[in-house]
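Dear colleague,

Please find below the structure that I am handing over to you, with its sequence. My notes on it follow.

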Amino acid sequence: MTRILVVRILVFLTIVLGVNYVAWRWLASVNWEAWWIAVPLVAAETYSLIDVILFGVTVWRIKKERPKEPMPDGRTVDVFIATYNEPIELVMTTARAAKAIRYPHRTWVLDDGDRPELKRAAEAAGIGYITRSPDWAGRPRHAKAGNLNNALMSTDGEFLLILDADQIPVPEILDETLPYFHDEKVALVQTPQVFSNVATGDPLGSQAPLFYGPIQEGKDGWNAAFFCGSNAVLRREALMQLGIRGYVADVEATVAEALDASATALRRARRRADALATEVLTEAYEAVRQARRELRSGVAFGELTFRVQERVRQAERRLVDRQLAAVRDDLAALGLLEPGEDETQIDLEAAVDVLASRELSPLGALGTVAATLNKIDVSRSHEAQPVLPVATISVTEDMATSMRMHASGWSSRFHSHTLAYGLAPEDLGTMLTQRLRWAQGTMQVMLKENPLFLRGLSLGQKLMYFSTMWSYLGGFATIVYIAAPVAYLCFGVMPVDAWNVDFFVRFIPFFIINQFLFLAAARGAPTWRGQQYSFALFPVWIRAVTSAVNNVWFGRELGFSVTKKTRDSEHRNQWGLVRWQIAAAVVLAVSAIVGVIRLTAGLGEPIGTFVNVVWIIFDMVILSVLVWAVRYDGYDAAQQQQQQRKEQEA
Amino acid sequence: MAFTTEERGDITLVHASGMLTMNTAPQLREVVSGAITSGARKIAVDLSGVEFIDSSGLGALVGSLKAARQAEGDLRIGGASSQVLMVLKLTNLDRVLTPHESAADAFTA
């Protein structure tokens, strides 16, 4: 109780001091003569203030309630272990641990790699094995979301525990999470993701104690704890309901679009068609127009689409009938066929059946017409399954799924006790790929289904989802924070009117209280590593935003790859991965030297130079984490080194 | 849950009864795809005996509709109880599948 009070007081002070500082920056201290750096800097500071305010709103409602009443045995649970290319032994270790979970359940390996060895291993251990059904051939696979959707169709448990291939669960995982589902509105219980192969000091910033602590607890307080893809229990009914609603929305959009496209295509085709085809095209056009009228008057899509298709099919059939009758008359006239000859009669009828099918009919010859007509359908035939419960709009299916759940009125809970231990990437390259993927996925959701405009979410829920998205925009602010001291120290350009008492009395209290807020909210969990990486990975965040924009608005590929759970044994040149950060560090170091030289030459001003050099030192300390990351050799090597050091000391 | 099928002219009636939920949904899909394989094109699912339906049950109806459409046929529903109607409305599925008064009349109404 006292802790939440302390946190709230600090949130209040941070917001008051922050608004005071940034308002002063905008109103009284922007150096408009150097607007090209002054405006970006004050904009970056405003960005950071909003980020801090959103963090404050999150932790305002930190919640840690646990249900007391256990869930009696007898509810049905499926445990899903999703795998794509992880080593068989790694998957089986998780699968065996999953099988040993105490609460009665069934365990399934969901193998997207379709590997016979894994199938044999799973079956030998008495564990279920699922791969994609034949429906998926030649259709979008939707990565992990598709894998889960496929498995949902061939299992029937009321609850689903989802585990990544490397996340080894403890036996009590279901006993601790199922009780939350006594509340019929609860659709999701997320537990932390913690990694067992992380060396002392966490050189790659793998652990996320701030996220899987105060941030998720705070989101929980707003009923907005997120699904994070693994170590979570979901209610099947909620997922299926999302799937059905998604299906209806997709059908609605597809049918309206296909009717419009068909009308256009038919009108064009009619202008160029011969007399016979014109009749069919006219009939088809009338059918489409009637369907559009029905759609507007609220007729259900099922019957409307069926009627259009039937009418077109009958018209096609009549045409083929007539063509074949003409053929038959011609043959009779040539004396090649006795009129009414039985066998041929039957053959001709079979021929009508074949020739009237869409591919061979006269409309089939008009390629675009046939293609658009085929899209007037409710079976969502471009997808493998009509119902796709797990969201497929993003490479990170998890956030979008929980957001839609919240929007349709379901609740979620965060359980802060660790119940599964996984493996984090052990080299910089893999880690960077993983961070890029998360950031890209988050940006995709923001661009495709912005929570601020999603109906059904409460204001708090909107802010909680938006807060995470907002934090991924930080790469642009970082660039400004690096450029501003360079501009001053090298060229004497001041983005701020003056670094004087007015500046210090507003900035320093805000900065200090803000740090206290982090400390109080995190309760001693190490958060510095996370702060370093959120600054130091600026090229990753920028690339995530630009690639997501290109993908969502311009339909380009994301260039996305699955995170590997095992370490690359071959060393690529790791320094190349952080070339932008190295460039930034070099520019910053040179600027500091230039600044000091300019000061001694009487060109600079002492306080300004001092502030900017301190700023640069702060930036460099943050970036230094990457030196350690590049040189990190993985968990085993780190353990060995530590062992050797202990032996030497002894 | 029990499913029985009945031929009425060119319409195949599938009578469902009991609970159409995650446990029984796969059976419905099997019954319908069996009927399609043996030549049925107009399938009417009679829901008058269904006391309770969940989203998995709706999923099975959608899956069956897809199977019927791919065979150039159609699937319609009729006789839904108030609980079933409520779930259809809640998920907007009534925008795709019109709930008819009775399954037997679903293709004539």
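The paragraphs below set out what was found in this predicted model.

I begin with a contact between the chains. The crossing of H8(A) and H2(B) is left-handed. On the H8(A) side, the contact is made by Arg236(A), Glu237(A), Met240(A), Gln241(A), Gly243(A), Ile244(A) and Tyr247(A), while H2(B) contributes Ser55(B), Ser56(B), Leu58(B), Gly59(B) and Val62(B). Sorted by class, this contact has five nonpolar, five polar and two charged residues.

Helix H14 of chain A (residues 397-407) is largely enclosed by the rest of the structure, because eleven of its eleven residues are buried. Among these buried residues are Glu397(A), Asp398(A), Arg404(A) and His406(A). The elements of chain A that cover them include helices H5 (143-153), H8, H15 (428-448) and H16 (459-471), together with strands S6 (186-190) and S9 (411-414). H14(A) is followed by Gly409(A), which has a positive phi, near 100°.

Chain A also has an open sheet of three strands in the order S5-S10-S7, with mixed pairing. Strands S5 (168-169) and S7 (194-195) of chain A are at the edges with a single partner strand each, so one side of each lacks a neighbour in the sheet. S7(A) pairs with strand S10 of chain A (residues 420-422) in the parallel sense, over two bridges. Tyr421(A) in S10(A) is the bridge partner of Val194(A).

With kind regards

Conventions:
Residues are numbered from 1 along each chain as its sequence is written. Chains are lettered from A and ligands numbered from 1 in the order in which they are written. This is a predicted model: local features need pLDDT of at least 70, side-chain atom pairs count only at pLDDT 80 or more; totals for chains, interfaces and linings use all residues. A crossing is left-handed if the near helix is turned anticlockwise from the far one by less than a right angle, and right-handed if clockwise. Helices (H or I, at least four residues) and strands (E, at least two) are DSSP runs, numbered from the N terminus. Two residues are in contact if their C-beta atoms, placed from the backbone, lie within 7 Å. Ala, Val, Leu, Ile, Met, Phe, Trp, Tyr, Cys and Pro count as nonpolar, Asp, Glu, Lys and Arg as charged, and the others, Gly among them, as polar. Two strands pair if DSSP finds at least two bridges between them. A residue is buried if 20 or more other C-beta atoms lie within 10 Å of its own, exposed if 12 or fewer, and partly exposed in between; C-beta atoms are placed from the backbone.
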